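Please look at the sequence and structure first.

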Amino acid sequence: MKLRKQVTVCGGAIFCVAVFSLYLMLDRVQHDPARRQSGGNFPRSQISVLQNRIEQLEQLLEENHQIISHIKDSVMELTDTGAVSPSGHLPFRSANGSWVLPFDGRPTFLAVKPQDCQFAVDNRGQADVQMLDVYSLLKFDNPDGGVWKQGFDITYEPNEWDNEPLQIFVVPHSHNDPWVKTFDKYFTDQTQHILNNMVVKLAEDPRKKFIWSEISFFSKWWETADGHKQEAMRLILGGQLEIVTGGWVMTDEANVHYFAMIDQLIEGHQWLERNLITPRSGWAVDPFGHSATMAYLLKKANLTSMLIQRVHYSIKKHFASTRSLEFMWRQAWTGSSTDIFCHMMPFYSYDVPHTCGPDPKICCQFDFKRLPGGRINCPWKVPPKTIVEANVAEAQLLLDQYRKKSKLYRSKVLLVPLGDDFRYDKALEWDQQYINYQKLFDYMNSHPEMHAQFGTLTDYFNAVYKTNGVAQGARPAGYPVLSGDFFAYADREDHYWTGYFTSRPFYKSLDRVIESHLRGAEILYSLAVANARHAGMEGRYPVSDYSLLVDARRAVGLFQHHDAITGTAKENVVIDYGTLLRSLIGLKRVIINAAHFLVMKNKEFYRFYQTEPFLETDDRRATQDSLPQRTLIELDPAGPRYLVMFNPVERERLCAVTVLVNTVRVRVLTEDGQTLPVQLSAQWSSASQMSAEATFMVRLPPLSLAVFHVYDSPDSPMTLRSDTLLRLSGRGVVTRAVDPLPVRSQQADSQTFYISSQSLTLGFSGTTGLLESIKRKDDPQEVKVQMQFMVYGTRPSKDKSGAYLFLPDGKAKPYHQKEPPVVRVVEGPLFSEVVAHYQHFEQTIRIHNVPVDGLSIDITTMVDIRDQTNKELAMRLVTDIQSGDVFYTDLNGFQMQPRRHYLKLPLQANFYPMPSQAYIQDSHHRLTLHTAQALGVSSLESQLEVIMDRRLMQDDNRGLGQGLKDNKKTANRFRLLLERRSAGNKMTDSGAASFPSVLSHMTNAILNHDVLALPVLPKRRGIPPLQTFAPLKSILPCDFHLLNLRSIQNQQQDPHSPSPHTALILHRLALDCNIEAQNLGFNCTTTQGQLNVSALFKNLDLQLLQPMSLTLMHPGTPLANNSTITLDPMEISAFKLKLR
């Protein structure tokens, strides 16, 4: 103690001497008699001398500042205490054995206005048709319906169209999927020929029409279509060619996150806007089930109508029988403002045999690509015939189908799609279809009771609106309003497409990592460019990084395709999607370059060198199918390493961050020299081999880049070692450990054992090493949450599970291995964890000793089933929460959807997509499983069950031609959150909508947006002064999510260069306030949806604030720059900003 005092006094004395010297220099400059002149004026000859002396003084001040900094560091190094923690005491163990940490003592508060809670309470939904009610109503039986196998016999009276003729719109289309071949191979072999022929053939006759959906393919064709561009534009402007939806792809709707759904839609629409094309109607014929989120996003993008196809055959039959196949699709949480007109196709498929009417045998005879002599024929053995004058009366056969189909809809306007996968790639097919159909139309149109023609999708919708006497997109009188979604999808028998909710989980996980990086890179790039403009340094910043953003947007967009993120493409196509890794590397570069500029204290010192990055990435992946490895930070006793922490979340975070270091002599300091608590632990390369990790607690401002100093230094009381215990079952495992990180081992027994933090106590089975119970500090009740692993097989004969289908051989069986697991228990001041090593999985359950992070349980399950055959591994949570048959799953991370477990449905029908979370609840508790990757989820009473991976050896006869045999070692990451519910909340459980709590929203954000720890690379010339970059001037209300801050492309010049404008996309979250809030550890206020954008960003001037449609295609009236914007709960809104 005496030595410490002496060193501290000595350091203080040096500091005083330095300050006194500075004072004397200043005094000397002030009293220099040579500087004094009569009247206080300097002669011109001495002005330059004065300037020189001022510059010298500035230099001396800077040098002294550096000296003082070094003295400060030296004092810290010399004293064995380290600087005391901000609260003035060290971590200590409480009486119950849990660690208590020194927080910085800043008060935090929760100030949610009652009006902002009312939305969840008042929400009742205002729809005629609730899909949950439809599920309750239907038997889901499958009687033979005759020619329409899954339907019923349709009859009509011949004179029904005497007063109002039937208008028939035949809509030619070609569905282009990167599925069995790669994107480029399909383009070369087929897509470019489809589009080339389209331009030539449509130009031959103004009556010919065609629709196109996928902008990824269309833009690639456009790049090389110089001779065709002008003609294509003429066809679009003339209404012969329509671009439908206009997304980068026809996105999956089950596994995708709404960030990526919006992003791929923006990417497609920005390309269209650049080429003066505006989509009006949505077209989704192939996604395997449909989400209400898509309806909302299309509405916000100013589309007026949409079409869907893959819906459970029993639901289609029910809607057909009630003539409800066209409806206004409304969000469950609101009124008519979200309504969009939706057309559901009634039959089995979108191919020609299933689109003209109920009898595929007849419809196939009018698919003229199947004329005898071609490569495909009709399975019903009656081929088409070329239409000539002698047989044109056979049009009556087709007309009968048209009339029957029209009886399923409310208007006398009929839509008949004419196409299939990669159709119209040969000029011959264009002639076969168009010439023969035109002859049929000419014959039909000679009868006054009908009018048939080629049309586009919007031609059809406009005719429906006109017939009903309403404006485009308005609700026709008597048409039903529907809310809910269309999962799960079955196309026949009990063949439920619920397997693809989990198929290839490695890529589902990689996708979300890249999405988080894309969002982070967009935000940092936009802020860096705006700050560079503000500082007049635009020319010195690598603005060209924008092309890396564009490449990543398009790669991520392509992966949202309904055969990509779904895990339903061929193995060689999946490998081609490995370009995602190249995008991830590019995004890390954008983040590093932006961080470099933004953390420079003096921007004059900023120098960008393409070949000399300033920072390292936080981790690396060796190949596109390998797991990430943390970057090793090599510490040197000679001086500190600097670490820049990027917090991509718009809230302040107090969290534990782990880095990999080459020594156990670690000390971490904040920018202003405060020592942080550090927990040293081992990184385990196997069940018994390890190296060193340092975990420390940091407070990070919203969207900030915070600077920390990491030293190789002697031990400090603030650096504590983890206590590690191996629970072994008599196996002779030899533990090798780095000497300063010893490991104890003991014989495992069956007794429950516990780990604790300041917020939670977890109980674990002594036998399995898996979670058994959760007890919150503020709740006297211990809640049973028992972790089990289960295995599903597949059916022994006939149809089996594959990439799409889940066809189990009965109920799941408990996972079993002969050897008992090795269980590792790690305890320490910042985190404690239990790791159970099994043959096919390794589960880590960790609790953090910090607010927010510490209120939920961090779960990582490393799964490897590559040696299994026709097995699916499931993780099941068995609880004593009395949830009955009701559970809740999210749609696309955007909204929650109530579900019901139906015994009348087969087991596989009760699984649903879980892109971000699922929960069960009773009147006392809610248990939420948050996920960092999309997986399939279900709930038997009081349970949640998630399918973790699937290995299947055969095709399931849906066209892929392969099983799922390319499994990877996959890390599935979750957060488990147990919350107490307030009394009197039962009334909200019966509604069509449900919402997460503030804490649940935050938990989801921290799981999906990791802090990035970016080490500054050592420099020969030394590191220039750095400072934390915290961009927000005022905190965002805690029910606002900054979805993106996206630099907008330059519409006039190169699309790979940015314009001066940025898109601010905000989502106002809806909150369930009937959850008892603990101390969240961050400030939370709400403002009834109001936000002043001009007061949001520090050091930047807002020069434009313009409301936009969601995809930035339709501008609103610019607002005054100091305007307050208002969002309703659940609303997503986009604004065009000009920041500088």
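**Disulfides and a helix pair**

C1073 is partly exposed, with a relative accessible area of 29% (buried means under 20%, exposed over 50%, partly exposed in between; 1.4 Å probe, protein chains only). This is a predicted model: local features need pLDDT of at least 70, side-chain atom pairs count only at pLDDT 80 or more, and totals for chains, interfaces and linings use all residues. Residues are numbered from 1 along each chain as its sequence is written, and side-chain values use heavy atoms, leaving out hydrogens and water.

**Disulfides**

- The count is four disulfides, a disulfide being a pair of cysteine sulfur atoms within 2.5 Å.
- C1073 is bonded to C117, with the sulfur atoms 2.1 Å apart; the link is left-handed, at -85 degrees about the S-S bond.
- C117 is buried at 15% relative accessibility.
- C364 and C378 are joined at an S to S distance of 2.0 Å, and the torsion of about -105 degrees makes this disulfide left-handed.
- C364 is buried at 0%, and C378 is buried at 7%.
- C1038 and C1084 are joined at 1.9 Å, S to S; the link is right-handed, with 50 degrees about the S-S bond.
- Both C1038 and C1084 are buried.

**Helix contact**

- The axes of α6 (residues 215–224) and α7 (residues 226–237) come within 6 Å and cross at roughly 120 degrees; helices are DSSP runs (H or I, at least four residues), numbered from the N terminus.
- Axes are lines fitted to C-alpha atoms over the stretch in contact, with angles from 0 to 180 degrees between N-to-C directions.

Definitions and conventions
Helix = DSSP H or I, 4+ residues; strand = E, 2+ residues; numbered from the N terminus.
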